[in-house]
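Here is a short briefing to read alongside the model. Take a look at the structure first, then follow the points below.

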Amino acid sequence: IGQSIEVSGELSGLSILQSQQPGASRVIASVRLDVDNAASQIVELDETSLGGNGQALDVPAGATFARLTIASVAARTGGTDPGPSAVGFAELGLGAHREIVRLPSDMSGVRPAAPLAIVMTRLRTDPLNRWRSDPETGIIRELVLESDRRFDSQFVLRLNARAADQVLNDLAGVTAATSNRRLIGDPRSTARHAVDGDPATAWTSPFSDVVGSTLSIPLIPTEATGALTLTQPVDQSYSIITKVTVTIGDTSTTLDVPTPDAGGRSSIEFPPARSATMTLRVDGINAKTTIDRRYAETTVLPVSIVELEATSIADPRPTEDAPTCRTDLVEIDGQAMPILVTPDAMARVLSGDAVTVGTCDSTVAALEAGTHQVSAVPGSVTGIDVDQIILRSGEPTATAPPPSVVVRRDRTTRTATITNCPEGGWLILGEGFNDGWKATADGTDLGVPRQISGGFNGWLLGGSSEPVTVTMSWTPQRTIWIGMILAVLAVIVCAVLIW
């Protein structure tokens, strides 16, 4: 409460779409709207602010500036987060537009014939971190070229670990079981792992949001299903399923699940029925809990089904082979880029590796001077995240071997000896940007560091045919030592006074 965000420009379409965090336990109940041409007003937020394009705000005509201040929050119906969920704004009336990252546009120092590489990297988070979402669901970049160029392309692909079960099944080329939810960010916890006959794999629910989890399982439609054997882990890491609802065709039966035996197995019976699909919904659990590492709140542990067995459960069957030339991943100026994803590359993606691929038939992107837009389809749609796009134009003319760098480190300094660097270049200290670092090259001060390469210290070195030694030192350390010495002296003085 009291936190605010400011927006300026054309405000006639201003609306509020609240944070889309899954399982959120809180929502913004009201905001104070301050504009530059009218009095403040309190706006009560309703259900429309939670989905779609958000809740439209009544902004006076002619307003060009607005401040939205959170006035009150409330519990969110159906929220499963055991802690106080963050609240915020996902969109402010920009639903009709795409948010575009504009690359640095001043390339006046780049000669038309000079080699040029444009690197676009998606901002992402650890998919297993259930409290965070990717800052970018897909790459959307705008770039400006000062001359016509032809680009070779490379793409770094990775599995979208939060994609829906069906999307991951399609990517793997199988028709198999699906679930409405699973352990967030873990593709090894999808529903098909509960019916694959492998006791080393399992479907696992999310933390807290357990009851209501549903598995949809293909059946052999000519065989009746009237009994299931459910195997689940019986240890302190999982809650235990105690009640399920089984639906086959138009028949639904709610059943108590007997206490698992030593091997975790429980058998349930119900009126036999035939259908092409069975759904099993978790309706009750014997909850076990843990202390969450975020806010130390008590959190319900997930349930897991190691194996679900019945003679009528259909084995996963292969679908059509996925195309090796994918045109559904990246576009440049609205035109699809054909990306070569071989079966080997796809297998590596499915195993969780980051895979670098090129274009089909060495396709070249011919871009004229001017503004261009590069975009990647979100991985939640395709199952494949495009984490990096690299466009390269022109080949370096130098044939000399690359520079070599030998580094020595101690507590407060780094020493780098660079050889074979006649044309110079950037020396990057990849330890996070901080202007407390100073650098000298063979005794010559290189000046203040530049923030470079996404957030690191960098110094531009001139070319040299001789080895160059650069010493980087953490200058505040001397002040820290003095402070520590004074602190020790103060403790000694206090001890003497006490004595």
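Strand 2 and strand 7 (residues 89-91) run antiparallel and are joined by 2 bridges; two strands pair here if DSSP finds at least two bridges between them. Helices (H or I, at least four residues) and strands (E, at least two) are DSSP runs, numbered from the N terminus. The model is a predicted one, in which local features need pLDDT of at least 70, side-chain atom pairs count only at pLDDT 80 or more, and totals for chains, interfaces and linings use all residues. Residues are numbered from 1 along each chain as its sequence is written, and side-chain values use heavy atoms, with hydrogens and water left out.

**Strand 2 and its partners**
- The bridge partner of Leu17 in strand 7 is Glu91.
- Strand 2 also pairs with strand 5 (residues 55-56), in the antiparallel sense and over 2 bridges.
- Within strand 5, Ala56 is the bridge partner of Ser15.
- From strand 2 (residues 15-18), Ser15 and Leu17 point one way and Ile16 and Gln18 the other way, and all are buried; buried means under 20% relative accessible area, exposed over 50%, and partly exposed in between (1.4 Å probe, protein chains only).
- In a regular strand, side chains alternate between the two faces of the sheet.

**Positive phi outside glycine**
- Ala296 is not a glycine, yet has a positive phi of about 65°.
- Ala296 sits in the loop between strand 21 (289-291) and strand 22 (298-300), and is exposed, with a relative accessible area of 52%.
- Asp361 is another residue other than glycine with a positive phi, near 55°.
- The loop between strand 30 (355-357) and strand 31 (365-367) holds Asp361, which is exposed at a relative accessible area of 79%.

**The whole chain**
- You will find 4 helices and 41 strands in the protein chain.
- Its radius of gyration is 29 Å, while a compact globule of 499 residues would have one near 23 Å; the radius is taken over C-alpha atoms, and the globule rule is 2.2 Å times the number of residues to the power 0.38.
- Along the principal axes, the C-alpha atoms fill a box of roughly 85 × 80 × 65 Å.
- Of the 499 residues, 39% count as buried.
- Among contacts (heavy atoms within 4.5 Å) between residues at least 6 apart in sequence, 72% join residues at least 24 apart.
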